[in-house]
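Work through the exercises below with the model open. Each task is followed by a solution in steps.

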Amino acid sequence: MAEKEGEPRTTRDSIYRVARSIKRRDNSLYNALRSIYQDSLFVDEISNLWPKLPLLANLRCGLWYSPRFDATCYFKSTDGHTNNLSFNTSRLNLHLPPLAGEKGGCIIIDSTRKGKRFPDSMSKTIPMWCCVLNRSIYNHLKRLCNTNDQLNDATEKASIEAKLDEWTKQLEESGADIASLASCLRKPLRPLWVSQKTVIWLNEVPDHESWDFTPLILVSASDSGEVQQYRTNSEFSWSYIPGAGDDEESWSRGLSPSVFWTHVDDIIDSGPEVCNQKVAEIVESDRVYRAQRGQEAPQIVVKSSKGCGGVKSDETLSLSVPKPRVDEESIVSWLASTNLALGSSQVASKVLSNDCCILNCDKNPVSVPPSHLEEHLHLPMMGSKFDRFSILKNLPTAVNFAKMKMNVGKKLLVCCQDGEDISVCVCLAILISLFNEEGTFDGGRSFEEKSITKLEMRRMLIFICKYAVNARPSRGNLRQVFGFLTSQRENSDE
């Protein structure tokens, strides 16, 4: 549109700057953390209604809403998006049915920004997963299965029902141990939905053991109202953000859920004006703490946001890239009797011994004594988001190192930054390249006879996930493993 004569450009620019400034203010760090804290009170209320049920965070957003999760799970909303419905065998969450079967159910926490009562992970992905697992167990035990009653769209419900048989077949062909799931899950899985609009009579809360199903209580932590909510207490005013824990890279300024809950009182009490500086001090203190203990603690420079008047500050804040704290007893996952393990590089040096070697795929080295240099290989790799070919280029060297060490009876730990992605992909390549169908190391003799298909990769990935429950390899990284395996097979056929 052409400019009106005589209308000063600065006037329109000033209105635009003010509008952007208001939006930045409403989505400030303090508003996000204060909203998370407010929603966590609701999560605490619901979890106290069924105190015997374990509390799980659906990664990554759900992890912000309580300081005391018993476990995590990983159901993606994208698997439940309209016209993109899928059952992903690389995210089977097979640790969840045994836990739910043992405890009588689970409470799962997630949230959404989109003005809906429930994220798609809860309204569709988890119910579809429940139904597919129930059908597989039904096929194994001839038992009753459940379906999802949260869908209001008849067309979408029909689309899901049309795919259930196909998804059930995928699960049964994937190599998942359905018999084991059936033995620990005596009642079929069934989702129950709870939001801040759900009415629960406190004197009529049912005992979960009285139900004839295994409940997965899906709690959407945030208020679903679409109107901007301004709230006040005796000291501060703040703007409520639904689903504030989502997309943490865009607002957290280096803060992680665990550090937030360690310092929650100091952060909430600091108020909107001081919050950014308080968080910077806490994150820097945590970075120094980790650096003094030899853990990865890199620094990045984060520019301060513009002030309300639209003036850009030259101030910069040194913040660390957060890494989740690890439990050293559980961070290393040994894959059955293969003598192969995967885990985080943070504890890799503690596993190193005369009979256990380390293949470090993290970009940062681990501390290795001079006497054990022969038992260690540092092979830095990056995920597909940063380098689409990094894993593919390094897998030949990684597999050769594994073959050389395991040929002489050594154990091998493959580690990466978090022990959840790149190390899983490297272990997947090693298992398919160097182990036979029975899971015995043969140095690659059976590799020429294998059919390298995506189904075979899924079956081996499910085997890994059985022991490494936090495994979450990305699709781009798995694609590189498949490319490596097919190229190796082509070379062996020549």
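**Exercise 1.** Sort the lining of the second largest pocket by residue class.

*Solution.* Count the classes: twelve nonpolar, seven polar and six charged residues. Here Ala, Val, Leu, Ile, Met, Phe, Trp, Tyr, Cys and Pro are nonpolar, Asp, Glu, Lys and Arg are charged, and the others, Gly among them, are polar. Next, take the volume, about 520 Å³. Of the 25 lining residues, Gly175, Arg459, Ile462, Phe463 and Lys466 are closest to the pocket centre. Then assign elements: α6 (178-184) and α12 (454-467) each give two or more residues. The largest share comes from α12, with seven.

The terms are these. On a 1 Å grid over the protein atoms alone, a pocket is an open set of points with protein on both sides within 12 Å along at least five of seven lines; a cavity is a set where a 1.4 Å probe fits but cannot get out; lining residues have an atom within 4 Å of a point. Points are joined across faces, edges and corners, and a volume is the space filled by probe spheres set on them. Helices (H or I, at least four residues) and strands (E, at least two) are DSSP runs, numbered from the N terminus.

The model is predicted: local features need pLDDT of at least 70, side-chain atom pairs count only at pLDDT 80 or more, and totals for chains, interfaces and linings use all residues. Residues are numbered from 1 along each chain as its sequence is written, and side-chain values use heavy atoms, with hydrogens and water left out.

**Exercise 2.** Describe the cavities of 30 Å³ or more.

*Solution.* There are four. Of its 16 lining residues, the closest to the centre are Leu92, Asn93, Cys465, Val469 and Ala471. Two or more lining residues come from each of β2 (71-73) and α12. By class, eight are nonpolar, six polar and two charged. Now take the second largest cavity, at about 110 Å³. Its lining includes Tyr74, Phe87, Arg91 and Trp129.

**Exercise 3.** Where is α5 kinked, and which of its residues are buried?

*Solution.* Start with length. Helix α5 (residues 154-173) has 20 residues and reaches 29 Å from first C-alpha to last, close to the 28 Å expected at 1.5 Å a residue. The expected span is 1.5 Å times one less than the number of residues. Next, find the kink: about 40°, centred on Leu164. The bend is the angle between axes fitted to the seven residues ending at a residue and the seven starting there. Leu164 is also buried, as are Glu156, Ile160, Trp167, Thr168 and Leu171. Buried means under 20% relative accessible area, exposed over 50%, and partly exposed in between (1.4 Å probe, protein chains only). Finally, Gly175 follows α5 with a positive phi, near 95°.

**Exercise 4.** Why is strand β14 largely enclosed, and which strands pair with it?

*Solution.* Five of the six residues of β14 (residues 411-416) are buried, so the rest of the structure largely encloses this strand. Strand β11 (residues 340-344) pairs with β14 in the parallel sense over five bridges. Pairing requires at least two DSSP bridges. Leu342 stands opposite Val414. Strand β12 (residues 356-360) also runs parallel to β14, joined by five bridges. There, Ile358 stands opposite Leu413.
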